[in-house]
Amino acid sequence: MLKIVGSLFLGTLVGFIGVVLHNALHPVGIILALITTAIGIILSGQLFGARKFKIITALAWLAVALRAGSYGQNHEILIISNSYGNIFLLGGLLIATIFAT
């Protein structure tokens with residue numbers, strides 16, 4: 001049970017860091033965000049020792065990224081539909097899928 005909570009926390013942390021970094025420093029920020037996604041999922045597998053925890057981490061990352069890419073209560077959006085936002089969502093989903101399986 002504690003491993004599930006830990007991998008959920010790690011996935012949300014990696015997702016939050018990626019959301020903050022992807023649009024911060026243009027060309028470097030998106031690269032750092034995608035590398036952080038890959039390292040976070042790999043770290044989850046090494047810390048918790050099973051593939052299912054890597055999948056839980058990837059799903060938590062996806063939940064954070066999708067929530068940041070949709071409009072909030074005051075119509076704010078954190079992942080804008082520009083090239084960096086699209087690369088972060090699609091590239092991050094591809095990286096999460098590759099490294100979680």
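Tutor: Accessible areas here come from the Shrake-Rupley method with a 1.4 Å probe, and for residues only the protein chains shown count as cover. By that method the chain exposes about 6,000 Å², of which carbon and sulfur atoms supply 74%. This is a predicted model, in which local features need pLDDT of at least 70 and side-chain atom pairs count only at pLDDT 80 or more, while totals for chains, interfaces and linings use all residues. Residues are numbered from 1 along each chain as its sequence is written, and side-chain values use heavy atoms, with hydrogens and water left out.

Student: What makes up the secondary structure of the chain?

Tutor: The chain has 4 helices and 0 strands, in the order α-α-α-α along the sequence. Helices (H or I, at least four residues) and strands (E, at least two) are DSSP runs, numbered from the N terminus.

Student: Why is the chain called as compact as a globular protein of that length?

Tutor: The radius of gyration is taken over C-alpha atoms, and the globule rule is 2.2 Å times the number of residues to the power 0.38. For 101 residues the rule gives 13 Å, and the radius of gyration of the chain is 13 Å, close to that value, so the description applies. Along its principal axes the C-alpha trace spans about 35 × 30 × 15 Å.

Student: Why is α1 called roughly antiparallel to α2?

Tutor: Axes are lines fitted to C-alpha atoms, for helices over the stretch in contact, and angles run from 0 to 180 degrees between N-to-C directions. The axes of α1 (residues 2-21) and α2 (residues 28-48) come within 8 Å and cross at roughly 170°. Angles under 35 degrees count as roughly parallel, over 145 as roughly antiparallel, 65 to 115 as roughly perpendicular and the rest as oblique. The crossing angle therefore makes α1 roughly antiparallel to α2. Contributors to the contact include Leu 10, Val 14 and Ile 17 of α1 and Ala 33, Thr 37 and Leu 43 of α2, where contact means heavy atoms within 4.5 Å.

Student: How are the residues of that contact classed?

Tutor: They divide into 9 nonpolar, 8 polar and 1 charged. Ala, Val, Leu, Ile, Met, Phe, Trp, Tyr, Cys and Pro count as nonpolar, Asp, Glu, Lys and Arg as charged, and the others, Gly among them, as polar.

Student: How do you know the orientation of α3 relative to α4?

Tutor: These two helices pack at an angle of about 170°, with their axes 9 Å apart. That angle makes α3 roughly antiparallel to α4. Their contact has 11 nonpolar, 1 polar and 2 charged residues.

Student: What makes Thr 37 buried or exposed?

Tutor: Buried means under 20% relative accessible area, exposed over 50%, and partly exposed in between (1.4 Å probe, protein chains only). Thr 37 has a relative accessible area of 0%, so it is buried. This residue of helix α2 touches Val 14, Trp 61, Gly 92 and Ile 95, not counting residues up to four places away in sequence. Of the 101 residues of the chain, 37% count as buried.

Student: Why is Leu 78 classed as it is by accessible area?

Tutor: Its relative accessible area is 54%, so Leu 78 is exposed. Leu 78 lies in the loop between α3 and α4. Leaving aside neighbours within four places in sequence, Leu 78 is in contact with Val 19, His 22 and Ala 68.

Student: How is His 75 classed by accessible area?

Tutor: With a relative accessible area of 64%, His 75 is exposed. His 75 has a positive phi of about 65° although it is not a glycine.
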